[in-house]
Amino acid sequence: MFKKILAAVAVTAGLLLAAPAAANAVDYTDGAQCKFDVSVVDAGSSATLICIPGTWSPGEAITWTVTGQDGSSFKLASFTTATSSLQFTKHANADGSDVLSVTLPASASGQYSVVGIGQTSGHECPTTLTVLPADQASTVVDPGSGGLAHTGSVVATWAAWAGGSLVVLGLIALAIVAWIRKLKTTV
């Protein structure tokens with residue numbers, strides 16, 4: 001009986017310790033999406049496009065394309081009705097990350113599409129930035145939902161460990177009670 005309980009405890013402990021290791025075995029950052037630090041910006045303001053480490057191959061050349069109203073000049077100062085593109089190439093950092101800083105003129109407005117394509121990996125990162133005209137006052141709440149999908153549990157890690165510990169302690173207590181009963185019956 002005691003051997004069976006000990007075997008059950010060993011299997012349970014093994015499963016509890018192996019599950020987190022299996023979940024962490026996948027590199028979730030490889031080929032991740034890039035994201036602006038804000039989704040809506042006022043004309044004349046700045047925004048930063050951030051690609052986390054592992055998004056690109058180390059040192060990879062990235063072709064960035066900006067499309068929007070008069071996007072080819074990216075100054076947006078005079079003619080704001082034509083949609084056109086600007087394309088340029090930049091190399092990723094040694095860790096596969098990249099950062100683009102964008103400063104928009106006071107006359108900018110509308111939605112701008114920024115797409116990066118890795119020339120080695122072929123990975124594509126599309127994102128958009130909405131620019132409010134300078135004369136339009138508005139309050140925008142960014143839910144901040146971008147980035148990686150949350151695929152984990154809603155239970156805190158410490159709660160899972162505490163629950164697992166209580167199960168193990170309960171099994172140990174049952175084993176001790178069974179052992180004491182066996183001793184009483186044999187004496």
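How much accessible surface does the protein have, and what share of it belongs to carbon and sulfur atoms? The accessible surface comes to about 11900 Å², and 64% of this belongs to carbon and sulfur atoms; accessible areas here follow the Shrake-Rupley method with a 1.4 Å probe, and for residues only the protein chains shown count as cover. The structure is a predicted model, in which local features need pLDDT of at least 70 and side-chain atom pairs count only at pLDDT 80 or more, while totals for chains, interfaces and linings use all residues. Residues are numbered from 1 along each chain as its sequence is written, and side-chain values use heavy atoms, with hydrogens and water left out.

Helices (H or I, at least four residues) and strands (E, at least two) are DSSP runs, numbered from the N terminus. Of the 187 residues, 24% count as buried, where buried means under 20% relative accessible area, exposed over 50%, and partly exposed in between (1.4 Å probe, protein chains only). Among contacts with a separation of 6 or more, 67% come from residues 24 or more positions apart; a contact means heavy atoms within 4.5 Å.

The strands can be followed through their pairing. Strands of a sheet pair through backbone hydrogen bonds, either parallel or antiparallel. Two strands are taken as paired if DSSP finds at least two bridges between them. Three strands form an open sheet in the order β1-β3-β6, with antiparallel pairing. Its edge strands are β1 and β6 (98-103), each of which pairs on one side only. Between β3 and β6, which run antiparallel, there are six bridges, and Thr-48 stands opposite Ser-101 in β6. In a regular strand the side chains alternate between the two faces of the sheet. In β6, the covered face holds Asp-98, Leu-100 and Val-102, whereas Val-99, Ser-101 and Thr-103 make up the uncovered one.

Side chains of opposite charge can pair when their charged atoms come close. With a salt bridge defined as a side-chain nitrogen of Lys or Arg within 4 Å of a carboxyl oxygen of Asp or Glu, the count comes to one. Asp-98 forms this salt bridge with Lys-90, and the closest N and O atoms are 2.9 Å apart. Asp-98 is buried, at a relative accessible area of 0%, whereas Lys-90 is partly exposed at 27%.

The cysteines come next. A disulfide is a covalent bond between the sulfur atoms of two cysteines. When a disulfide is counted as a pair of cysteine sulfur atoms within 2.5 Å, the total is one. This disulfide joins Cys-34 to Cys-51, with an S to S distance of 2.0 Å. Cys-34 lies in the loop between α1 (2-23) and β1 (35-36) and Cys-51 in strand β3 (residues 46-51), so the link ties together parts that are 17 residues apart in sequence. Both Cys-34 and Cys-51 are buried. Cys-125, by contrast, is in no disulfide, and the nearest cysteine sulfur, that of Cys-34, is 3.5 Å away. Cys-125 is likewise buried, at 0% relative accessibility. Thr-55, in the loop between β3 and β4 (61-69), is buried with a relative accessible area of 2%. The C-alpha atoms of Thr-55 and Cys-34 are separated by 7.7 Å, although these residues are 21 residues apart along the chain.

Cys-125 leads on to another pair of strands. In β8, Cys-125 is the bridge partner of Gly-116. Strand β7 (residues 110-118) and strand β8 (residues 124-132) run antiparallel and are joined by eight bridges. β7 and β8 form a hairpin with five residues between them, and Gly-122 in the turn has a positive phi of about 75°.

Finally, the surface carries a nonpolar patch formed by Leu-166, Leu-169, Ile-172, Ile-176, Trp-179, Ile-180 and Leu-183, with about 680 Å² of accessible area together. Patches are made of residues with over 30% relative accessible area and no salt bridge, where like charges are joined within 9 Å and nonpolar side chains (Val, Leu, Ile, Met, Phe, Trp, Tyr) within 5 Å. One of the patch members, Ile-180, is found in helix α2 (residues 157-186) and is partly exposed, with a relative accessible area of 38%.
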